[in-house]
Amino acid sequence: MGVGDALYDYPLTLPKGKYSMQVLVRHDSKAMLDRLTHLVVPVDFTLAKDLAVPLHTSMHDALAGADKTFSGGAMARGSRVRVFVSAPAGKAPGGAHGDVLVGAVRVGGGTEWKVPAREDCVLQVLVPKEAAKDKDKDAEKKDKSDAEAEQEEVRDARLKRLKKLREDKKWGAADALAQALLAEFPQHLPLLSEVLSRRDRDGEAGETAAERQQRCAAAIECAAAVVAAVDVASLAAHFGLKHDTEDPAAKEACKSAEQRKEALLPALLSRVERWLELMAPAPSCESAAGV
């Protein structure tokens, strides 16, 4: 299909398919050649479809994958706006762990943009490693009755539906489903975290003081429910000791503790941010992020 050497670039267009690359490297030292046994060959190609990269107004929203994103706006000359980038929600076709997605955030444009060309901010995103499949789930299901396993599967499916409603901003349906699930599973930590994601949001333009107080109070209440379900004292006691990760029981306890910690940290951060917002004068989310 093509040949080349290390001195110059040899552009080559290939149709879709599988190809083998042969590299010939000569040296008088075998030890030097052995070091190149696992040589990595970078390959650049353009995605068939662009991946959208969400922009947020605070680091917390970017890390938590909040629904509210930065949509741009007019800026005065000399002013600055901080934006935080989160990983794209979609997956690159054929992308694997270790691949690097390269893109850009375009700044400016329109009839009022006086610069001759748009200025792009280059972005690079490392494709993350997919979460390992839980091999212990089948063993856990065997220890439960058919009725219990069915109840948990239905609960998880409804929880997945609740997340989809929140992402689609169908607040009425999401709140109704959340209330029904909380009535059945009031201490289920993933459910409480999902409800917190629904309530922990920034205020809209023109929000009154009463609306702000109601919004922050709802987020604080949801965060308190997550903290109570985590049981902070037992979690602190767990991480204060060294555990034998080879023991199946200790391994399961460590797994549970990590899941509780992952739910606790966003809840504590949300509670602090909303309390700060309730203070007078209430700082903006951007100011709170810089505290």
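This is a predicted model: local features need pLDDT of at least 70, side-chain atom pairs count only at pLDDT 80 or more; totals for chains, interfaces and linings use all residues.
Author: Local features here need pLDDT of at least 70 and side-chain atom pairs count only at pLDDT 80 or more, while totals for chains, interfaces and linings use all residues. Residues are numbered from 1 along each chain as its sequence is written, and side-chain values use heavy atoms, with hydrogens and water left out.

Reader: How do you know how many helices and strands the protein chain has?

Author: Helices (H or I, at least four residues) and strands (E, at least two) are taken as DSSP runs, numbered from the N terminus, and on that basis the protein chain has 10 helices and four strands. Along the sequence their pattern is α-β-α-β-β-β-α-α-α-α-α-α-α-α.

Reader: Why are α8 and α9 called oblique to each other?

Author: The axes of α8 (residues 232–239) and α9 (residues 248–278) come within 10 Å and cross at roughly 125 degrees, where axes are lines fitted to C-alpha atoms, for helices over the stretch in contact, and angles run from 0 to 180 degrees between N-to-C directions. Angles under 35 degrees count as roughly parallel, over 145 as roughly antiparallel, 65 to 115 as roughly perpendicular and the rest as oblique; α8 and α9 are therefore oblique. Their contact (heavy atoms within 4.5 Å) is made by V232, S234, L235, H238 and F239 of α8 and A253, C254, A257, E258, R260, K261 and L264 of α9.

Reader: What makes α6 and α9 roughly parallel to each other?

Author: α6 and α9 pack at an angle of about 25 degrees, with their axes 11 Å apart, and they are therefore roughly parallel. L189, S193 and L196 of α6 meet Q259, R260, A263, A267 and S270 of α9 in this contact.

Reader: How do you know that the span of α4 is close to the one expected?

Author: The expected span of a helix is 1.5 Å times one less than its number of residues. Helix α4 (residues 146–167) has 22 residues and reaches 32 Å from its first C-alpha to its last, close to the 32 Å expected. Just after α4, K169 takes a positive phi of about 60 degrees.

Reader: Which residues of α4 are buried, and what do they pack against?

Author: Buried means under 20% relative accessible area, with exposed over 50% and partly exposed in between (1.4 Å probe, protein chains only), and the residues of α4 that count as buried are A149, R155, L159, L162, L165 and R166. These buried residues pack against α5 (171–184) and α6 (189–199). Of the 291 residues of the protein chain, 21% count as buried.
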